[in-house]
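Here is a short briefing to read alongside the model.

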Amino acid sequence: MWRSRNSLSRFTQLTTSSSSKFNCHLNLQPDSLRLLQISDVDHGYGLFSRSTSTAVGPSSGSGKLGISGIDRVRAMGSTADIVDATSLGAREVVDMARHYGRCYWELSKAKLSMLVVATSGAGYVLGSGSAVDLAGLCYTCAGTMMVAASANTLNQVFEVKNDALMNRTMRRPLPSGRLTIPHAVTWATSVGLAGTALLASQANLLAAGLGASNLFLYAFVYTPLKQIHPVNTWVGAVVGAIPPLLGWAAASGEITMNGLILPAALYFWQIPHFMALAYLCRDDYKAGGFKMFSLADPSGKRTALVALRNCIYLIPLGYLAYDWGITSGWFCLESTLLALAISGTAVSFLLNRTKTSARRMFHASLLYLPVFMSGLMFHRIYDDHQPLTTENTKDKMVISHTEQETRNPERVKQTRSRPPVAYASVAPFPFLPVPIYSS
């Protein structure tokens, strides 16, 4: 009895020691063993034994089964690591794209750039006549957006120190350190060149020249002038008036008097708009070191007078658009009412120079521009009958010439003996008839 117990205990010790050695040799952690045992349940075997009758031989069947299970655990672990790494990498890519997209959006001043694109698109529609080339419109708007984004980025590059001193701008990408200056310069250069090339290839060189000159005027003239003299507001108004002229040139290939209505409206509109903004943000502009007109006018009276004067300049634009045949008479009435409304807010600001009245004039200026452009495009007159008019003119000239022959044939013979004026039309004016000389 004692021998059987002794042999049983020795057998138990032997089994325990062999299993512990096997565990040490495999260097498995308890979690790994648990996973391995769970994964092997489906196949009907465990790590150390398949049944009670074969529990003694760990090195034969059980060992082989244990090694294959360990390989499966390692494979499962490596697959999980790959999945985690892939998801982590994808998340980092998404976060990086979101970060740079946000920075580029703020550098480009996307909302302001979209307003510039809207004025350029309106100019393109006005210059197209009755048939609007949608592809050309899209190319013009895209090129204008790129050029505007480049100009706004360079503006922030040059004013990074000033923006860091103003509460309104200190959270921009460059003052806050979210983006470096060389990165912003690279972005501005690439986008500006791409936009100018797009306008030159898909529109015309005149539109590309206007876009490039506007970029230069905004980034290298208006931006440094903000720290030198208050005249920067009027230079900035010129910059804002060029995009609709760009759109007109992209559509028609030329600049005419009819194409100056919308640029003139934008020029005069910007003065009360920026005067209200400069009055509302005068503390920020003073902290940033900018020379704004409102800073040299503590009472605000001169600022209000300048705003009112330019609002009055907006009144005759509707009549000019009607008189030049661009729009119908309804636009004359609507434009006059709009100009009187914004002039009323300017009068209110002049009589009561407070931030409340300045804000009211600022909001009125925000409402004026889209309504004016919408009315200009809605009431525009299509120039479809111009070819018919030309043909009728030619017919009238032929009829009058025939009548002259019947009335005074001697004078007609004397006139035909001289070389006609049409001899100069062969090269520069190929659309005129070829001259016929009398023998």
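**A loop and its neighbours**

Leu260 sits in the loop that links α9 (232-252) to α10 (261-280). Please keep in mind that this is a predicted model.

- Leu260 is partly exposed, because its relative accessibility is 33%, which falls between the 20% limit for buried and the 50% limit for exposed.

**How α9 and α10 pack**
- The axes of α9 and α10 are 8 Å apart, and the two helices pack at an angle of about 145 degrees.
- The crossing of α9 past α10 is right-handed.
- On the α9 side, the residues in contact include Trp234, Val238, Pro244 and Leu245; on the α10 side, they include Leu262, Leu266, Tyr267 and Phe274.

**Lys109, between two helices**
- Lys109 belongs to the loop between α3 (58-107) and α4 (110-128).
- Its phi is near 50 degrees, a positive value in a residue that is not glycine.
- Lys109 counts as buried because its relative accessible area is 18%, and the limit for buried is under 20%.

**Gly195 in α7**
- Helix α7 (residues 181-202) contains Gly195, which is buried at 0% relative accessibility.
- Gly195 and Met146 are 49 residues apart in sequence, yet their C-alpha atoms are 4.8 Å apart in space.
- Leaving aside residues up to four places away in sequence, Gly195 touches Gly143, Met146 and Val147.

Notes
Residues are numbered from 1 along each chain as its sequence is written. This is a predicted model: local features need pLDDT of at least 70, side-chain atom pairs count only at pLDDT 80 or more; totals for chains, interfaces and linings use all residues. Side-chain values use heavy atoms; hydrogens and water are left out. Helices (H or I, at least four residues) and strands (E, at least two) are DSSP runs, numbered from the N terminus. Buried means under 20% relative accessible area, exposed over 50%, partly exposed in between (1.4 Å probe, protein chains only). Axes are lines fitted to C-alpha atoms, for helices over the stretch in contact, and angles run from 0 to 180 degrees between N-to-C directions. A crossing is left-handed if the near helix is turned anticlockwise from the far one by less than a right angle, and right-handed if clockwise. Contact means heavy atoms within 4.5 Å.
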